[in-house]
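Dear colleague,

I am handing over the structure we spoke about, and below it you will find what came out of going through it. Please read the notes with the structure open beside them.

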Amino acid sequence: MCGIVGYYGYRDCSDVLVDALSKLEYRGYDSAGIAVFEDGNIKIAKSKGRLSDLVKKMEKTGKPKGIAGIGHTRWATHGEPSDINSHPHCGKNVTIVHNGIIENYRKLKDYLISQGKTFVSDTDTEVVAQLLDFYYCRHSDPVKAIIETTEDLEGSFALAIMFNDYPEYIFALRRESPLIVGVGENESFIASDVPAILKYTKNYYLLEHNEIAVLGRYGAKIYDLHYQKLQKELKTADWDMDAAEKCGYEHFMIKEINEQPTSVKTTVLPRIKDGMPTLEECGIDDSFLCGIRQIHIVACGTAMHAGVVGKYAIEKLARVPVNVEIASEFRYKSPILDKSDLVIIISQSGETADSLAALKLAKSLGAKTLGIVNVKGSSIAREAEKLIYTLAGPEIAVASTKAYMVQLSVMYLFAFRLAFAKGKISQSECENYIKLLNEIPDKISEVIENQLENSQYIASKLINSDSLLYIGRGLDYALSMEGSLKLKEISYIHSEAYAAGELKHGTISLVTEGMPVIAVATQDDLFDKTISNIKEVKARGATTIVVLKDGVELPSDVADYIISLPKTIDLLMPMIACVPLQLMAYYSALLRGNDVDKPRNLAKSVTVE
Ligand code: G6P
């Protein structure tokens, strides 16, 4: 949550900070602010609302002018979104922006008040600013002040810091919350994530926990908490600038939906050798797989929904039992694990606090761990024993689409190889699954082309509903969960996903005249059963939207609207059927006039519990 940036160079600093923050708004967007050294003094502009509100404000008041500064885009945790609670926050000699949570801020605040400090905001961040000031007054050395402050702080945080007396420098510190240092020609950057710097440079250092960066005229220097200078490996981002731009699309979400065929190819192809799935480059060989007796897939939100599809695939093909767990539940429920258990953590960002904590817990209990992660070098990627990167490139829209799609791809690759390693499927069966998986990107493109208008039309019929249901059985139910979440996240229409056969045990009482019910019916062996359930809601007045395979005959009077999809085997249908669900959610949000990429109250990277 929250995005922070910093800059020292030769460009107009306010422009760079605003531009970099615009690439981090997915992390939070209820207020924004910047601070710039202007003629040796710190000038601050900040505002409740979107970054665009800050820009408008600066158009009236004038933007700070200088070549060094810091910036912030906020997802409120301590204190409501307001001008006062917006970052940057200040002590007498210090100005900071902060991403993360200071867990012991109450105690520190009481102490600082007892020392005569006063506070203007409700934030935990201001406590850090005052504490830095406290130690700076003692040492007159910024790095020493940062080191002492860090020793007092509990929690996870990343900070960018300016000291009044050091207008030639920008300081930063990382503990847990992600932070990179971008290295350009005669300029350097601080950012919570790579897309913020891609326009200026692809080269960066990944700060480790408790490392301090100092940007200045000579470039960027990095220190540990003993004030020892560190030699860091310079990394090069393999994402190009287009990845962080809309490239002519109206929203990132629709761009990312369209990128799905490419993302699947990029993720799957490097993991196929001689027609067989191979995960050996990820350190996963058949002997590792054979040693697995039980699997726990642990994740949050959309990533957890990808895990539910994975469960069906793994159990069906490999006959290994799989539990899917919500990370925030798993971490507090005393899970029963041993060394023959594999805990798979799925995460787009690799920074989700609950998923990371679940991973650490699983390791401490002796289980094998595997991360399925999109962001390179992220905390979960570094913590997991085995790692498979999904290669979707940066996902900017808060509502996940292409990341979900590649998480599904990896789930299938994993299920195929596990089933083969366990002797549950033959080599030729495994090769056939891979062949079919390779056909999926073209089918996704076909759906986007053929179902765009239909999805838009159906969305126009949904947008005045107060509530709707998604129903399905088996894999269709697993997919319904994601369809429902997508709609809720961005259209703000209430919906629930229900196992179609379970409806009659209570939830069918909600069905009244005109209530939309989206029925996913792509599984041949469950088709007739699902049709019966659709008839049950239809008989009670529901407006039904049925998602099914091309060429499948539907009894008359079952569907008000039909979404017909290219065929593949039932097992892989979620990769195709999720596309119209994404499109319907997208158009519902659009038609309701919502901010599609930045839905209210949400953030993409959830680094707090
Ligand atoms: C947030 C996002 C969701 C995402 C979830 C898990 O809630 O808004 O889109 O699915 O976090 O994020 P992760 O980065 O761990 O996949």
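In what follows, a residue counts as near a molecule if one of its heavy atoms lies within 4 Å of that molecule. Please keep in mind that this is a predicted model.

I begin with the ligand. It is surrounded by 13 residues, and the closest of them are Thr302, Ser347, Gln348, Ser349 and Thr352. By type, the shell around the ligand divides into five nonpolar, six polar and two charged residues. Helix H9, which spans residues 301-318, supplies three residues and with them the largest share of that shell.

Of the 390 Å² of accessible area that the ligand has on its own, the protein covers 90%, and the space that the ligand takes up is the largest pocket.

Turning to the chain as a whole, the domain assignment gives domain 1 (3-244), domain 2 (248-425) and domain 3 (442-593). Between domain 1 and domain 3, the C-alpha centres lie 45 Å apart.

Two places in the backbone deserve a look. Most residues other than glycine have a negative phi, and most peptide bonds are trans. The peptide bond from His87 to Pro88, however, is cis, with omega near 0 degrees, and Pro88 lies in the loop between strand S4 (68-74) and strand S5 (89-90). Glu176, in the loop between strand S8 (170-175) and strand S9 (180-184), has a positive phi, near 70 degrees.

With best wishes

Key:
Residues are numbered from 1 along each chain as its sequence is written. This is a predicted model: local features need pLDDT of at least 70, side-chain atom pairs count only at pLDDT 80 or more; totals for chains, interfaces and linings use all residues. Side-chain values use heavy atoms; hydrogens and water are left out. Accessible areas come from the Shrake-Rupley method with a 1.4 Å probe; for residues, only the protein chains shown count as cover. On a 1 Å grid over the protein atoms alone, a cavity is a set of points where a 1.4 Å probe fits but cannot get out, and a pocket is an open set with protein on both sides within 12 Å along at least five of seven lines; lining residues have an atom within 4 Å of a point. A molecule sits in a cavity or pocket if more than half of its atoms lie within 2 Å of its grid points. Helices (H or I, at least four residues) and strands (E, at least two) are DSSP runs, numbered from the N terminus. Ala, Val, Leu, Ile, Met, Phe, Trp, Tyr, Cys and Pro count as nonpolar, Asp, Glu, Lys and Arg as charged, and the others, Gly among them, as polar. Domain bounds come from an automatic or database domain assignment.
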